[in-house]
Amino acid sequence: LFIRIPSGHAQTETYKNVDSTLYAYYRWCNNNIRDTAVLSKADTLFRLSGEKHDIRMQAVALSLKADHYYFNNNLDSLKAWIPRVQDFARKNDQIKYYYFTWSRLILYYTKQAQYTLAQYELEQYMSQAEKDNYKPATAEAYKQLGHIYRTRGLKKPAVEYYRKAIDFIIQNGLNTFHLSNLYSELATMLMDLQRYPEAAEAVEKGKACIPLPDYIWGLKAKETHLLAQTGQTDKAKALFNEIKDGQNGNLSEIKLAEIEVAIYNHSHEYGKMIAAIDKLIRSFEREGYKESYFYYLYENRAAAYAALGNFEAAYRDIQHYTELYHKQVNDDNEKTLGEFATLLDVNRLNMEKAELRQQAQEERLHRTQLGTIVHSLAGRFLHRGNAPHEPPPRPREESRRREQPDERHLHPQHHARDQYAAQLHRRICGAGRSLGRCRRRRTTILYKHHPGKQRLSPETRGRRALYRGPRILRHPARIG
């Protein structure tokens, strides 16, 4: 199966407000994506976009380099460049290009029939899209799953995921630029399943939503295949002639040769069919495809030779087809084993990265705790060093402090201790002074009217003083 996937920027971008110089660089890179000069021109585009403060065009410039590696099948450079693009896109709120470059890696694995790696990357892709709640990436994931199942020959799952992608785009109001292509792929799978009415419906829906006039030719090519497979060979030939005259280079030689093979096969024109197959094989070889990619053509040519009675040529082709088929199976098995080994290495690296991140977090936590402890100790030391030194109490005041009862519990609110103690001191001292004055007046009167009565001895006065209780300090603020 041949899937031509054009550059995504040419389809999805609008450049109405882009500087003319930046647009000129972009157009050149997009039209010459395989040229090595794209790398230097993309760097220039990135620098000029930075000078003009156009962040989106900077992301486009980085993505163009990823496209260059993708179309030149340079896997190592593509894998090394994708994190650079994703880091820039994430930091500058250009999430579209974060997923666009990632999808290139998935497409590469699909194109190279490395389906295990493609599905692994696609699972990571979908998981991240759900975390970011980025719906265009989810629709792209459905489409990519359809491509994977198609290239693996699983037609029913391919139909299911193509329809999921179409419905998801329509229901969520996403960009419908790729919708006609999805209808075209869906029609191909339905034709392979011989569900021709559904295929015809898909072709008509695709025609109704083409984003540009040139996109009609791909859908007309699908319609030609449908007419040929349903026995309407005259209509198919007429439509094919219309396509050849009007497509203006929008369809490749491979696409046109495939249409010819389908028409001549169903019209039983086996001589023309053999000539069309020979032309198709030459086209594949010019494009650099290996025989294992188009080995099925030898089986079709063998059937045509057998129909013409040339059994010797048919035997050679069917033998060559069998050899290529077994080689393809062995290559697929080795490739699958290599993919599993790659996945094991990826998982091992992910585990090592997770362990290193955990160790780094533990070290940062330890340093933070240690710094907190040191800061606390230093703060206490400085507080003590800067605090005013209170002179040691005199022996008499110390003894009074030990004898003074703790009256803090008398305060109903347990606050404003100093103010409350001062108020209590004033009340007690005032009452004491009043009592003392009364006692002195009473004693004076007593001694005046009873001259024989003697004063109390000093020892008696001391015992009564102890009985009355301890004296109140003059500085109640120091209580407790």
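Ring pairs join Y98, Y99, W102, Y125 and Y134 into a cluster; rings of Phe, Tyr and Trp (its six-membered ring) pair if their centres lie within 6.5 Å, and planes under 30 degrees apart count as stacked, over 60 as edge-to-face and the rest as tilted. This is a predicted model, in which local features need pLDDT of at least 70 and side-chain atom pairs count only at pLDDT 80 or more, while totals for chains, interfaces and linings use all residues. Residues are numbered from 1 along each chain as its sequence is written, and side-chain values use heavy atoms, with hydrogens and water left out.

Y99 touches Y125, Q128, A129, D132, Y134 and A137, not counting residues up to four places away in sequence (contact means heavy atoms within 4.5 Å). L78, Y99 and Y125 have the most contacts inside the largest nonpolar core, which has 71 residues. Such a core is a set of buried (under 20% relative accessible area, 1.4 Å probe, protein chains only) Ala, Val, Leu, Ile, Met, Phe, Trp, Tyr and Cys residues joined through side-chain atoms within 4.5 Å.

The whole structure holds 22 aromatic pairs. One of them, Y295 with Y325, is tilted, at 6.2 Å centre to centre and 55° between the planes.

| Charged residue | Ring | Distance from ring centre |
|---|---|---|
| K65 | W81 | 4.3 Å |
| K111 | Y70 | 4.5 Å |

Technical notes. Lys NZ or Arg CZ within 6 Å of the ring centre and 35° of its normal. Buried < 20%, exposed > 50% of the residue type's maximum accessible area, 1.4 Å probe, protein only.
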